[in-house]
Amino acid sequence: MSGIWERARASRTLRGRDSFGSRDITSNGDRSSRTVRLGRVQPQAPSNRTIYCNDREANLPVRYKGNSISTTKYNVLTFLPKGLFEQFRRVANLYFLMISILSTTPISPVHPITNVVPLSLVLLVSLIKEAFEDWKRFQNDKSINNAPVDVLQDQKWETIPWKKLQVGDLVRVKQDGFFPADLLFLASSNPDGVCYIETANLDGETNLKIRKALERTWDYFLPEKAAEFKGEIQCEQPNNSLYTFTGNLIIENQTLPLSPNQILLRGCSLRNTEYIVGTVLFTGHETKVMMNSMNVPSKRSTLERKLDKLILALFGCLFFMCLIGAIGSGVFINRKYYYLGLSGDVEDQFNPNNRFVVTILTMFTLITLYSTIIPISLYVSIEMIKFIQCTQFINKDLNMYHIESGTPALARTSNLNEELGQVEYIFSDKTGTLTRNMMEFFKCSIGGEIYGNGVTEIERGNLERKGLKLDGANGSATAIREKGFNFDDARLMRGAWRNETNPEFCKEFFRCLAICHTVLPEGEESLEKIVYQAASPDEAALVTAAKNFGFFFYRRTPTTVIVRESHVDKMGKIQDVAYEILNVLEFNSTRKRQSVVCRYPNGRLVLYCKGADTVIYERLAYGNEDIKRITREHLEQFGSAGLRTLCLAYRELSSELYEKWNEKFILAKSSLREREKKLDEVAELIEKELVLIGCTAIEDKLQEGVPSCIETLSRAGIKIWVLTGDKMETAINIAYACNLINNDMKQFFISSDTDAVREVEDKGDPVEISRFMRDLVKKDLERCLEEAQHFFHTVTGPKLALVIDGKCLMYALDPNLRVNLLKLSLNCASVVCCRVSPLQKAQVTSLVKKGARKITLSIGDGANDVSMIQAAHVGVGISGLEGMQAVMASDFAIAQFRFLTDLLLVHGRWSYLRLCKVITYFFYKNLTFTLTQFWFTFQTGFSGQRFYDDWFQSLYNVIFTALPVIIVGLFDKDVSASLSKQNPELYKEGIRNMFFKWRVVAVWAFFSFYQSLVFYYFTAAASHNGQNSSGKTFGLWDVSTMAFTCVVVTVNLRLLMACNSITKWHSLSISGSILAWFLFIFIYSAVMTPYDRQENVYFVIYVLMSTFYFYLTLLHIPVVALLGDFIYLGLQRWFAPYDYQIIQEIHRNDLEDNRSSALLEIGNHLTQNEARSYAIAQLPRETSKHTGFAFDSPGYESFFASQQGVFVPQKPWDVARRASMRQQPRTHRS
Amino acid sequence: MSNSSAGPRTANADASAPRRNSKRPKYSKFTQQELPACKPILTPQWVISVFTIIGVIFVPIGIASLFASNKVVEIVDRYDTECIPQNMTNNKIAYIQNDTISKSCVRKLRVPKDMDQPIYVYYQLDNFYQNHRRYVKSRNDAQLRDAKKANETSGCDPEKATANGSPIVPCGLIAWSLFNDTYNFTRGNQPLVVNKTGISWKSDRDHKFGSNVFPKNFQNGTLIGGGSLDPKKPLSEQEDLIVWMRTAALPTFRKLYGKIEVDLKKNDIITVVLENNYNTYSFSGKKKLVLSTTSWLGGKNDFLGIGYLTVGGLCFFLAAVFTVVYFVKPRKLGDTSYLSWNRTGAGR
């Protein structure tokens, strides 16, 4: 033990002198300067940490943090002080606290209970809610902390909970398991020390990434061996930079540098690897993912911010009222009113000798008296309403429950429900949000013949818009569906293509698919079990297609591709054909094509090429114009159907030609300078005189219902912007597929992908590049804006669409150009930003949020969307997949993009309507109540005498008028959910904020003014005579009780008038509230308490009820008070109806339709073939520019990571190389 | 080595299969927001019929109330200015504060109509802020109710206790400023007896003022506010005090003085001999004597009747107006051309 101590100390002192940090940082210097940062990066501690692997005692003195995490806000001890502090940070609560304190002083006209009771109730409710939410967080933490993990102990794997994990432990993580902490990757069950991880939790990317252990550590795999592992890791202090890591592993006096390639971050999961062994580097809150989970700034809804203004206006009103009253009191007070006992020694408040002090003190008196003007229970009521809306309505909405993944919607914050009803701009990520990131071979055109009967979502949408209904089943019995293949055409399947008119074309087509790619087959070499590892899902889809057409590519060696071709069977045995791959001409974004030169077993030399139609057509040999023309038509047809197209072509090569070319190729390949460029040039020499075979159409599988959802949302007046890291073609393609862009639109492109830009970039002078780019972007913007100006004012003109790429965006976001960008983009129906970085996504979002002051919503699924999600007013995360980072940062999580319809049009709209109603009603009821009090002040010599009994006043807000408004906030429904979705235009009322404008507030204020006059003067005017046949008169408390009864009844009835739908809960709560008042007053005025209470109201209700006056007034006043509102409502509905009112009227006779889809089933039913032919007939025929080329090249898959230069994604060559390694016998493991 | 071909998604689906049911929200009308509801639409028919119904109900009530109010006969006589001797009209306060001057005053009232007994005698004060904050709270209900709590004088400032510290019962400004004008009525030379019992609400008499609480140290101070009380009578029998202490809501108020239980005939001349003791001159308040009969509705008050009639009439009028509008400028229910997105100029 002491030895260990010695060593620990020694190494520490050693480390002190060792300038490890600087040494390592210089080697990684160029990397760390370009770190992707999510959130703020904490300054790194100057020192570094040393970890002794597999040696708990040695790590002990450093006291690393444990692996348990806690995300709770409070604990048992801090709950009360911290929770209360949080509560009193709210101005309203603080105000009432001050009022409560004030009301304990003698200047108060009211008893302290008047203010203390409501305040404590409000605080109690809020605190209970806080406690509940924190408890849920605690439970969540607990389940994470107790997840099991295997740890090496005494040469055995022991299962312990995550929280017990310590720095330096050796752990084993199994397939599909999550890494419990940041690990150093030591050994893998894969032979070459690699493992595949999915980083969906971190950055949302679902493609697998490769991590490779240091060769030195590959052996520490079995527990017995691993137990021998004694390494020392020196590495940086915990930080939140996800893509960097610097450190050294010192093992047996050997120093091995570590890179991010050996780091497995907490939150990622292991894929396609049986298990791995790693040692713990950072634990718990020190892991990179936890350090990245920044405190989400709590967002407040726009409505609430406007509410603050309303409250401020009320404060102003309060001040004004108090001022009038206070001045009045200063003027009034006079010794002549001898019955007030003002002679002699009088307290300051009533001392006529010092009117100024009287005025000041009365000011405070009146503030306490009129405190009810600020609706104390408003915030807590809103909170309650929103909370229930979230937990009961949004989270439990079956329409937003995704059955396949079993994910319900989740409202992560309850602050923003009504914000959902006012969204005008949606910023959407592409991959994983709009698309499933699943490529499926869908159609093809071979030698001028189109194959594939499927109907894409967009076509389906077009048809449905025309009122046709397609049968749900997509495809006939012959259709084959598997991952990457969704093709239905009997003419090609099962070798039937041989009977087609052009079997030779077909053969070449299929061969091209099977040979020209960089896919790596894995797993068992059988049709069913093979797994294609491809850098892009497009490639996998194409190879899968070839497999299904009978050209089964199943093995790759460094030099050959082996294809099992079912069409040539020799003696009943399917033939394996080995094609020798001579050259691979790589795909990149400038070439937009990929070629393979191969030699057939019979010596035939062929170059197969696939790529964008533009580049292929340029390089076609002369002739066959018909096929070219027809294929182009097909390309356009595919393109407008939202399919991603690739052209396939081949070229027969003579061996002389090839050999000559190959020399140049080898030369280029081995050149040291500008190799890429030279390779491109050499490729150019051979990729010409091609023969067009046909084209493929791959469906980038959209998430279900995306086009119709987008269509609905845009009808609702919401503009949708797509912000994606993909390249322009892909982005445009998806925009087509989602119906965001179509050929009828006026499209503007601002792209940096031009020759001019490339030329400047090649020169490499950054100053020049930026100057050039700025000018270019400026010119482009001005040009577009000028063109767009023509369409701004025409109603019937085409809609506008803008496509801009990230590089241009960077310059367009410059303060000088921003205005133009904003002007242009706000007038566009849709905007597509491609190749944008996470930061730019956030910038675009805040551009619209702050620059245009529109309410924005961001939706995404990955970590690259986090900044955007947080920047927008409302952030929505796509849940249900592995990715959690976006969800963790979001305000709402839904499983599918299409659920936005429900979230916005149904829940958002209702929330908005309800909250507007709740807020304006609260405003009304408190203003009315307080104004009656105000009018009374005028007739009490401005003394601040209260009109109502203390308990009336304190219970007014919390009992007599509390529940109905909450019920309305929960249940009020103008039109049903299905009508909301059928008439998305209704949503525009929210965008325009129709229900919480100052005008609306003014109308309420006006009627509240009117009603308060009625309440006060009508009760007073009718009261000053003898009140029954025995001539007895009323006192103050009789009159005030009468008035209060009228107020309670009227205010509750007024709410009923504001309801759009009245459920039994409405009637129950409203009648309940009125009954509660009577019940209360019956008891209250019947009891005489010995406490400090003047028996003012003793028996008043019975006295009142013994007179006819009571009943006549109770009938009269509410009617008079509500008459104004009633006339207003009648006139408003008659002459200026709201949209929803018209919809209500249209559907007034509908039965209670419970969102049944019955209404949607109207339409002609076509047989499948009719539908298909109709669908094809409906496709746009006119020549369009869009042909749908899109291909995910490997370089862009992890665009951001690759930008850093830190983690270079695998090149296709790596895959091929690994394939060759595979064949080697495994020697390092028994 | 098994290189699992199971994709991440399928693996996940399998794993979550047993959990799936638990995550699926249960259907309930509440959470799906499908509670049955009636959806009233304020159509013109509704508006018109509501107006008509209100009119139909209100007009008769208004007529009945007005009729009742009109049946009431009321004699109002302001006497504060008349009852000052000629030589002191410029110095009313000196007059009222001077105890040596006789405050007696004679008023003659003519009965305008037959008045059936009981005839209620009220005094009406003007500009008297019985609802002033300092005034309203200047009492102690416990002391009034319970003889044992005579010492409880909290809130009674500044009329709490005598100079030597013994508590005043009843304490406080309200009691201290008790109204003390008196009225004696004669018709011809026949005196009309004023019955001063039963003029207060029974609940006050029975519960608020103790039957064993006797006035103590009342009006003993240097400043006399108003009337004094018979220290031998318990508070529950001092009905003047009980009436006075039910503080009025407004600065103009009537309080019941007594009842004359004799019918009065039209043109009878009533002679009132009154003691004009109460000082309203300081704050220039008016004092009126009111004789009034009552109806089922109480005293003479046209307010409710007029109010009902006005509202009823207004409703009939509005019903008519809406009907006219309905025919002149009809709007088809659910007319889609009213939808904002169908209206012209509602483009982008």
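Mentor: Start with A:Cys322, which is buried, with a relative accessible area of 1%. This is a predicted model: local features need pLDDT of at least 70, side-chain atom pairs count only at pLDDT 80 or more, and totals for chains, interfaces and linings use all residues. Side-chain values use heavy atoms, with hydrogens and water left out.

Trainee: Why is A:Cys322 called buried?

Mentor: Buried means under 20% relative accessible area, exposed over 50%, and partly exposed in between (1.4 Å probe, protein chains only). A:Cys322 has 1%, so the label is buried.

Trainee: How do you know whether A:Cys322 is in a disulfide or in none?

Mentor: A disulfide is a pair of cysteine sulfur atoms within 2.5 Å. For A:Cys322 the nearest cysteine sulfur, that of A:Cys317, is 9.4 Å away, so A:Cys322 is in no disulfide.

Trainee: What is the relative accessibility of A:Cys695, and what does A:Cys695 count as?

Mentor: The value is 0%, so A:Cys695 counts as buried. A:Cys695 is in no disulfide either, since the sulfur of A:Cys647, the nearest one from a cysteine, is 5.5 Å away.

Trainee: How many disulfides does the rule give over all chains?

Mentor: The count is two. One joins B:Cys83 to B:Cys105, with S to S 2.0 Å.

Trainee: What makes the disulfide of B:Cys83 and B:Cys105 left-handed?

Mentor: The torsion about its S-S bond is about -70 degrees, so the disulfide is left-handed.

Trainee: Which cysteine is joined to B:Cys156?

Mentor: B:Cys171, with S to S 1.9 Å. B:Cys156 counts as buried at 0% relative accessibility, and B:Cys171 counts as buried at 1%.

Note on methods: Residues are numbered from 1 along each chain as its sequence is written. Chains are lettered from A and ligands numbered from 1 in the order in which they are written.
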